[in-house]
Amino acid sequence: MSNYHIKNLEEYFQVYRKSVRDPETFWGEIAEENFMWQKQWDKVLEYDLSKPEISWFKGAKLNITENCLDRHLYARGNKTAIIFEPNDPSEKAEHITYKQLHERVCKFANVLLENGIKKGDRVCIYLPMIPELAVSLLACARIGAIHSVVFAGFSATALSTRIIDSDCKMVITSDGSFRGNKTINLKAIVDEALESCPNIETVLVAKRIHTEIPMKQNRDKWLQPLLDAASTDCAPEIMDAEAPLFILYTSGSTGKPKGMVHTTAGYMVYTSYTFKNVFQYRENDVYWCTADIGWITGHSYIVYGPLANGATTVLFEGVPSYPDFGRFWEVVEKHKITQFYTAPTAIRALAKERLDFSENYDLSSLKILGTVGEPINEEAWHWYDENIGKKNCPIVDTWWQTETGGIMISPIPYATPTIPTYATLPLPGIQPALMDENGEELIGNLVSGRLCIKFPWPGMARTIWGNHQRYKETYFSAFENKYFSGDGALRDSTGYYRITGRVDDVIIVSGHNLGTAPIEDAINEHPAVAESAIVGFPHDVKGNALYGFVILKETGESRLHDNLRKEINQIITEHIGPIAKLDKIQFTEGLPKTRSGKIMRRILRKIAEKDTNNLGDISTLLNPEVVQTIIDKAL
Ligand code: PRX
């Protein structure tokens, strides 16, 4: 029996038990048998969760791109590594073989070197879903530079905050992007962001939309001519196991976004292992994850996990609704997709449309369906199962986070029986714990509490860039010696986990994590606004939508014009991006507060959810009378 590939439930239990009994042997064997190392490790795991310090495969040397590219050249050189499916279906898809990808990565890596990027430097990548995006990640990894991808839907302010926080030296972007029937001028957003980023020396610009754009002398360079002139030889920089591979920002409930730092060896082993098992990848499969590489799902399960397994992975530039709601299924038929991985929000949006959008296409190549990013409701699960999987494809409801690096709790297809809305069982090596509010672990089944992980796993983020103290406080302080996810979960009578949602002030809108504090900070910048509070409320496509309660500086009805609502959403778009826009804005004279001045979001949440019969005890509020006035004017 191989530890690496689990094929049935009995094997799962055996492997799981071994992974808990002896984690070092378990991960050591997987690492040794399935990857290319320049030097063996001295120790599989060293950790102290009170600090927290975690080190996997200490002493080992490697380059992740040798594992994702070079080692496949002999057996899979002519196999397709990446299928690029453009936004416009009439544009031809591009098949990039492992050999071609290797060449493109080496050329790009040489361009980075020639432009002054060295091992350890941070490079910000702000690109649409085009091949250069995957290539640029790998090119950074080739030379030991740390990539920091910023999702190309973020605003100039959000981009500059991230560039400054990790002190990037270079930005890689494009003239623009296609998204459905829209074109977006990305370079203009970069130009605006860079007004406040003096440390950026070079901007490499890929051509995608082919429009005239201003290029700043001595800073901006067209990428293609540099690539054309670059050599295809680029020796991989040999890295320490724990060298940072990338930074990826995620929203916190308070403060600025957190730059989660993932390191090389553990991340590689973990994403590769979980990809193989959760998607049961076989040699001739064609795997498609619809996420954007700007999120962790794209890093781990479009780029690193699939490529480390020598898989064929699809990189899709478009959106599910363009040119119509059949696009996903057209792509499935066209490329004979075997594993399809998407978000509940996309499933819900498609389930609202006519069935013939999916019925018109041959979906018989599909073997496994996946979902990620937020709890999937039962209705959406059944729609997916019946109309896309034809009741013949296991659905993997995969729970994980930017911080965890890879999938943590998920069925293993053909092994774990699935139940709608349940992420089911922890993957080997993952030891979940549910905690009560007093910090006690809930033992046994039929319990619900805060979801923690009580033992390190190789894919976990090691720190927050530049702020280890915040890492410790956010993840390792609520419960001693445990990683706290910020999610609530229940364990049913058979030991299956069901994720119930965030227990902090992070709201997941269309699968995107949004912290309430940064949105409130943006709104409060509006000259007319005195104070604001954001909560989530259920939305049938987005999962949650945002409801803002806003106090204006001046009172009186004359200020409450519709333009104000538009202006508030405009300011949010400028500070964060359109994904954080509010669906409802209620102007109010006051907000319910505790005696220490904290806003009681619990009450606002109930009002937004239209569940005001049971508000609990409000007598301890500083201003209980305000509650009824807010209810009376609720939208
Ligand atoms: O609340 C959980 C939810 O998404 C959060 C992590 O978001 P992010 O870091 O952006 O990563 C998303 C992609 C991995 C979690 O804290 N979440 C993710 N997957 C699920 C989920 N909630 C329920 N079920 C899931 N399968």
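Which domains does the domain assignment of the protein give, and what are their bounds?

1. Domains. The assignment gives domain 1 as 430-502 and domain 2 as 510-632, the bounds being taken from an automatic or database domain assignment. Between the C-alpha centres of domain 1 and domain 2 the distance is 29 Å.

2. Basis of the note. This is a predicted model, in which local features need pLDDT of at least 70 and side-chain atom pairs count only at pLDDT 80 or more, while totals for chains, interfaces and linings use all residues. Residues are numbered from 1 along each chain as its sequence is written, and side-chain values use heavy atoms, with hydrogens and water left out.

3. Overall form. The protein has 20 helices and 30 strands; these are DSSP runs numbered from the N terminus, helices being H or I of at least four residues and strands E of at least two. The radius of gyration is 24 Å, close to the 26 Å of the globule rule for 635 residues, so the protein is as compact as a globular protein of that length. That radius is taken over C-alpha atoms, and the rule is 2.2 Å times the number of residues to the power 0.38. Along the principal axes, the C-alpha atoms fill a box of roughly 75 × 65 × 55 Å.

4. Of the 635 residues, 61% are buried. Buried means under 20% relative accessible area, exposed over 50%, and partly exposed in between, with a 1.4 Å probe and protein chains only. Among contacts (heavy atoms within 4.5 Å) between residues at least 6 apart in sequence, 70% join residues at least 24 apart.

5. The eight-stranded sheet. Eight strands form an open sheet with mixed pairing, in the order β12-β11-β8-β6-β7-β14-β15-β23. Its edge strands are β12 (220-222) and β23, each pairing on one side only. Two strands count as paired if DSSP finds at least two bridges between them. Helix α7 (residues 156-165) lies across β6 (122-126), β8 (170-174) and β14, and runs at about 165° to β6. Axes here are lines fitted to C-alpha atoms, for helices over the stretch in contact, and angles run from 0 to 180 degrees between N-to-C directions.

6. Strand β15. How many of the six residues of β15 are buried? In β15 (residues 258-263), six of six are buried. In a regular strand the side chains alternate between the two faces of the sheet. Here Lys258, Met260 and His262 point one way, and Gly259, Val261 and Thr263 the other way. Strand β14 (residues 244-250) pairs with β15 in the antiparallel sense over six bridges, and leucine 248 has methionine 260 as its bridge partner. Two bridges join β15 to β23 (residues 463-464), again antiparallel, with valine 261 opposite threonine 463.

7. The three-stranded sheet. The order is β28-β29-β30, in an open sheet with mixed pairing. Strands β28 (529-539) and β30 (584-587) stand at the edges with a single partner strand each, so one side of each is left without a neighbour in the sheet. From one strand to the next the twist averages 20°. Strand β29 (residues 543-552) runs parallel to β30 and is joined to it by four bridges; tyrosine 547 has lysine 584 in β30 as its bridge partner. Helix α17 (residues 516-524) lies across β28 and β29, at about 140° to β28.

8. Helices α1 and α2. The axes of α1 (residues 9-21) and α2 (residues 23-34) come within 5 Å and cross at roughly 115°. Val15, Lys18, Ser19, Val20 and Arg21 in α1 meet Pro23, Phe26 and Glu29 in α2.

9. Backbone points to check. Most residues other than glycine have a negative phi, and most peptide bonds are trans. A cis peptide bond joins lysine 51 and proline 52, with omega about -20°; proline 52 is in the loop between β1 (43-48) and β2 (53-58). Another cis peptide bond joins tyrosine 322 and proline 323, with omega about -5°. Lysine 391 has a positive phi of about 55° and is exposed, with a relative accessible area of 59%. Asparagine 481 also has a positive phi, near 60°, and at 36% relative accessibility counts as partly exposed.
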